[in-house]
Amino acid sequence: MKILDATFGHPRGLLGRLGGMIMARPTIQRNAWTIRLLTIHPGDHILDVGCGPGALIHALAQHTPDGLVAGIDTSPVMLHQASRRNAGSIQHGRVHLQRASAMALPFADATFDIVLSANSVQLWPNQLAGVTEMRRVLKPGGQIAIILQPVWVKTSDEVKALGDNLQQLISSAGFRSTSCAFKEMKPIGSVCIVGQK
Ligand SMILES: C[S@@+](CC[C@H](N)C(=O)[O-])C[C@H]1O[C@@H](n2cnc3c(N)ncnc32)[C@H](O)[C@@H]1O
């Protein structure tokens, strides 16, 4: 368990560097699917919470040529990989990365048009507190998306049940018009819960 945590959960050291490389490639399909589920405008400001190696940020930056994509993560190893992957956009001021926790987002109220998080919520010490923080930094009418590809379960039904729980979580944090989409993927399906502030 400690090895898995150092590789994927709270990536650190050599194992964390390896985990980041392993994580980035298979997320390409999931990231493209997530982007299709959202309404993204070229000037949008987007925050990725628990951005890991920054593959979703890279994809989002291509849809926001006049906007900004910010990413936070608790792992310096992941932030280093995300910086390298997004070096060009960082240089042009279109991507901004910083070390922070989902429990205390370092942004003012109503900063972002979209706030999302992929495969990170299961690691937070308090999921409701994290989702409430995401709501705080969203503009009124902004979108939240929580994406989960739970590689630790075995069946699509289990994935869908986790999606139902997350939909209840974001509803209890005050989001409205919530929906839960499911897509079969390898090695296991993904859910994407979308809601509006
Ligand atoms: C399984 S990785 C997923 C990375 C990326 N979002 C993706 O989909 O490939 C989980 C990430 O969440 C980060 N993380 C864990 N706890 C966190 C917290 N409390 N706040 C912010 N990030 C956290 C980890 O450092 C790691 O980069």
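Trainee: Where is Ala110 found?

Mentor: In this predicted model, Ala110 sits in the loop between β3 (95–99) and β4 (112–118).

Trainee: Why does Ala110 count as partly exposed?

Mentor: The class goes by relative accessible area: buried is under 20%, exposed is over 50%, and partly exposed is in between. Ala110 counts as partly exposed because its relative accessibility is 35%.

Trainee: Which loop holds Asn119, and what is its phi?

Mentor: Asn119 lies in the loop between β4 and α7 (127–137). Asn119 is not a glycine, yet its phi is positive at about 50 degrees. With a relative accessible area of 22%, Asn119 is partly exposed.

Trainee: Which residues come nearest to the ligand?

Mentor: There are 23 residues around the ligand, and those that come nearest are Arg30, Gly50, Asp73, Ala102 and Ala118. By kind, the shell divides into 11 nonpolar, 10 polar and 2 charged residues.

Trainee: What separates an oxygen atom of the ligand from the side chains of Arg30, Asp73 and Ser120?

Mentor: Look for pairs of N or O atoms and read the distance. For Arg30, an N or O atom of the side chain is 2.5 Å from an oxygen atom of the ligand. For Asp73, the distance from a side-chain N or O atom to a ligand oxygen is 2.5 Å. For Ser120, a side-chain N or O atom is 2.9 Å from an oxygen atom of the ligand.

Trainee: How much of the ligand does the protein cover?

Mentor: On its own the ligand has 600 Å² of accessible area, and the protein covers 93% of that. The elements that give two or more residues to the shell are α1 (2–9), α3 (27–37) and β2 (68–73).

Trainee: How do strands β6 and β7 pair?

Mentor: For a strand pair, read the sense and the number of bridges. Strand β6 (residues 176–183) and strand β7 (residues 190–196) are antiparallel, with 6 bridges. Two residue pairs show where the strands face each other: Ser179 is opposite Val194 in β7, and Arg176 has Gln196 of β7 as its bridge partner.

Trainee: What joins β6 to β7?

Mentor: A hairpin of 6 residues makes the link. Pro187 lies in this loop between β6 and β7, and the peptide bond from Lys186 to Pro187 is cis, with omega near 0 degrees.

Trainee: Which bridges join β5 to β7?

Mentor: Strand β5 (residues 138–148) runs antiparallel to β7, and 6 bridges join them. One of the pairs is Ile147 with Cys192 in β7.

Trainee: How many residues of β7 are buried?

Mentor: In a regular strand the side chains alternate between the two faces of the sheet. In β7, 6 of the 7 residues are buried, so the strand is mostly covered.

Trainee: Which residues does the UniProt domain annotation cover?

Mentor: The unreviewed UniProt entry carries the annotation "domain: Methyltransferase" for residues 46–142. Over residues 46–142, the chain is 34% helix and 28% strand. The end C-alpha atoms of that stretch are 10 Å apart.

Methods
Residues are numbered from 1 along each chain as its sequence is written. This is a predicted model: local features need pLDDT of at least 70, side-chain atom pairs count only at pLDDT 80 or more; totals for chains, interfaces and linings use all residues. Side-chain values use heavy atoms; hydrogens and water are left out. A residue is near a molecule or strand if one of its heavy atoms lies within 4 Å of it. A polar contact is a pair of N or O atoms within 3.5 Å; within protein, one must be able to donate a hydrogen and the other to accept it, and residues adjacent in sequence count only if both atoms are side-chain atoms. Accessible areas come from the Shrake-Rupley method with a 1.4 Å probe; for residues, only the protein chains shown count as cover. Helices (H or I, at least four residues) and strands (E, at least two) are DSSP runs, numbered from the N terminus. Ala, Val, Leu, Ile, Met, Phe, Trp, Tyr, Cys and Pro count as nonpolar, Asp, Glu, Lys and Arg as charged, and the others, Gly among them, as polar. Two strands pair if DSSP finds at least two bridges between them. UniProt positions are given in the numbering used here, feature names are shortened, and annotations may be inferred rather than shown by experiment. Buried means under 20% relative accessible area, exposed over 50%, partly exposed in between (1.4 Å probe, protein chains only).
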